[in-house]
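Here is my notebook from an afternoon of looking things up. Have the structure open beside you and follow along.

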Amino acid sequence: MATKVVSVAPRVEILAKSGINEIPTEYVRPESERLDLGDAFEEVKKAAEGPQIPVVDLQGFDSPDEEVRRACVEEVRKAATEWGVMHIVNHGIPLELVEQLRKVGKEFFDLPIEQKEQYANDQSSGKIQGYGSKLANNASGQLEWEDYFFHLIFPEEKINISIWPKQPTDYIEVTKKFGRQLRAVVTKMLEVLSLGLGLEEGKLDRELGGMEDLLMQLKINYYPICPQPDLALGVEAHTDISALSFILHNMVPGLQIYYGGRWVTAKCVPDSIIMHVGDCLEILSNGQYKSILHRGLVNKEKVRISWAVFCEPPKDKIVLKPLEELVADGTPAKFPPRTFEQHIQHKLFKKTRGDFKTPN
Ligand SMILES: O=C(O)CCC(=O)C(=O)O
Ligand SMILES: [Fe+2]
């Protein structure tokens, strides 16, 4: 009888709950990477000194006063240029809705494993939406300390609701509502970022596919408690392939940004949403806005959950390249033209080859 070889991703939640004191070797990072790893709670204490991720207030952009609007654009431009990441406050999403989103996501992950497995994705057959854990994608077999749930949330016509969690029963309603609200923030941020580049305010949204084609993918990252946080990573160092990424979390620290030659741990800023510049925006802006290297630490005390929403152009419809307005004799194009799909393949190729220290 022929046996089918299936690669089953181990669920980190099961490992974490098994009571082990030492993590399996696949989760142990290489020695060079381990030098500056640590428990996220310890690292965030150290972050009190040193550089901080900028906090940007978006309220100014709605002001009737042109000066106030301009100051807001400048604040965002500076953060996107120097850091490529910022905490946004007064983003406009009702805080009760953010709380509901956190609640339904947590309730899904609180379900028994067998129930979550009914939503398992199947990466080998291209079914990437659903419940999953990282599959080793290089020879070292290196794994990350997290499970996740991944699905499209916007535009609604493109959603496949049949793969969304049915439990808790309000998951769908709350998550859809959040998707709509976040799309309004995306519109606004792309306006601000366009103006920051001296472009007309609708430019970046259109270049990325606009209301019909720009996709918003939600990834709920679930990082169980880890007995050896100084050996593991929840998410290894990477830049996001998206145009923009938004992150909410359950106020447990973990996110680190590579800035000024060292890892800076993000503080938990109440009522804020984190926004990253991703590779696509770095390309369109000809490198003016930076797609930064970041990673996720784990800890010994608390489960961390984060909600990452990746805003992406369609895979093949658009050729991404530095915008004409930003290319001149003295500032040549820094990136060759490529579709989003080609960009993904290019990055995967570099990664499987092992030279992933400076992704892009
Ligand atoms: O959990 C986080 O804070 C970051 C997650 C992340 O970088 C990602 O999912 O791409
Ligand atoms: Fe990321």
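**Loops first, then the ligands**

I began with P168 and placed it in the loop between strand 4 and helix 7. This is a predicted model, so I kept that in mind throughout.

Entry: I then turned to P155, which lies in the loop between strand 4 (147–154) and helix 7 (171–196). Here, too, I noted a cis peptide bond, joining F154 and P155, with omega about 0°. I wrote both down because most peptide bonds are trans.

My next stop was N90, in the loop between strand 2 (85–89) and helix 5 (95–109). Its phi is near 55°, a positive value in a residue other than glycine. A reminder to myself: most residues other than glycine have a negative phi.

**Entry: the iron ion.** Which protein atoms are the donors of the iron ion (ligand 2)? I found H238 (NE2), D240 (OD) and H294 (NE2), lying 2.1 to 2.2 Å from the ion. Along the sequence I wrote their spacing as H-x1-D-x53-H.

**Entry: ligand 1.** Where does ligand 1 sit? I found it in the largest pocket. I listed the residues around ligand 1 as K219, N221, Y223, H238, D240, I247, L255, H294, R304, S306 and F310. Three names here, H238, D240 and H294, were already in my notes as donors of the iron ion.

I sorted the shell around ligand 1 into four nonpolar, four polar and three charged residues. Strand 5 (215–223) and strand 12 (304–312) each supply at least two residues of this shell.

Then I checked distances to oxygen atoms of ligand 1. A polar side-chain atom of Y223 lies 2.6 Å from one such oxygen atom. For S306, the distance from a polar side-chain atom to a ligand oxygen is 2.7 Å. For N221, an N or O atom in the side chain is 3.3 Å from an oxygen atom of ligand 1. Finally, I noted that ligand 1 taken alone exposes 300 Å², and the protein buries 97% of that.

Terms used: Residues are numbered from 1 along each chain as its sequence is written. Chains are lettered from A and ligands numbered from 1 in the order in which they are written. This is a predicted model: local features need pLDDT of at least 70, side-chain atom pairs count only at pLDDT 80 or more; totals for chains, interfaces and linings use all residues. Side-chain values use heavy atoms; hydrogens and water are left out. A residue is near a molecule or strand if one of its heavy atoms lies within 4 Å of it. A polar contact is a pair of N or O atoms within 3.5 Å; within protein, one must be able to donate a hydrogen and the other to accept it, and residues adjacent in sequence count only if both atoms are side-chain atoms. Accessible areas come from the Shrake-Rupley method with a 1.4 Å probe; for residues, only the protein chains shown count as cover. On a 1 Å grid over the protein atoms alone, a cavity is a set of points where a 1.4 Å probe fits but cannot get out, and a pocket is an open set with protein on both sides within 12 Å along at least five of seven lines; lining residues have an atom within 4 Å of a point. A molecule sits in a cavity or pocket if more than half of its atoms lie within 2 Å of its grid points. Helices (H or I, at least four residues) and strands (E, at least two) are DSSP runs, numbered from the N terminus. Ala, Val, Leu, Ile, Met, Phe, Trp, Tyr, Cys and Pro count as nonpolar, Asp, Glu, Lys and Arg as charged, and the others, Gly among them, as polar. Donors are N, O and S atoms within 2.8 Å of the metal (3.2 Å for Na, K and Ca); water is not among the atoms, so sites may look incomplete.
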